[in-house]
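My plan was to go from the contacts to the overall build, and then to one residue.

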Amino acid sequence: MEFKFTEENLKRIELAREKYPTALAAVMDTVYIAQEQNGYISNEVMEEIANVLGIDKVYVLSVVTFYTMYHTKPMGKYHVQVCTNVSCMLRGAYDIWDQVKGKLGIENMQVTPDGKFSLEEVECMGACGYAPMVAVNEDYFENLTKDKVEEILDSLK
Ligand code: FES
């Protein structure tokens, strides 16, 4: 399916482009904007990013497949990311991971049948001092207990 950036997003990309000495350096900003608009980065989206920046698609592909924050398939409305790296693990992250998996009924990188939730086990998200933590889309929830996790998931409509 063909993908085109909205006029507003084209302006945002132009602003991003002006921050850097080369178009190549604006790839991450542009992929971020594309994911915000489309929900994930399909082949057609990568082609349009390359087209808009005037670069080879292989550069877009290398960025999209290197960074785990970019998704190449549709994820849930709420993308739940549970950190199980060292600090979080030492403070009970695997209990939270098992709890979230059980509650949502899905495994790593799966989406619930209604499209509401997706789940990802992630590496350190830079909030180690507030471990254990979970991110839902771009919101961080820190110093978690199983009760707090239950509350957070129940609050998501
Ligand atoms: S180890 Fe979980 S945020 Fe750093």
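I count two residues as in contact if their C-beta atoms, placed from the backbone, lie within 7 Å. I am working on a predicted model.

Contacts. I looked up the pairs with a separation of 6 or more. Residues 24 or more positions apart account for 57% of those contacts in the protein.

Elements. I found 7 helices and 4 strands in the protein. I then read their order from the N terminus, which is α-α-α-α-β-α-α-β-β-β-α.

Extent and burial. I took the span of the C-alpha trace along its principal axes, and it is about 50 × 35 × 25 Å. The protein has 157 residues, and buried ones make up 24% of them.

Domains. Which domains does the assignment give? I noted domain 1 at 7–66 and domain 2 at 78–155. Taken over C-alpha atoms, the centres of domain 1 and domain 2 are 28 Å apart.

One residue. Where does Gly 92 lie? I placed Gly 92 in the loop between helix H5 (86–90) and helix H6 (93–104).

Buried would take 20 or more, and exposed 12 or fewer.

Last, I checked Gly 92 against Pro 132. These two residues are 40 residues apart along the chain, yet 6.7 Å separates their C-alpha atoms.

Definitions and conventions: Residues numbered from 1 in each chain as written. Predicted model: local features only at pLDDT ≥ 70, side-chain atom pairs only at ≥ 80, totals over all residues. Helix = DSSP H or I, 4+ residues; strand = E, 2+ residues; numbered from the N terminus. Domains from an automatic or database assignment. Buried ≥ 20, exposed ≤ 12 C-beta atoms within 10 Å, placed from the backbone.
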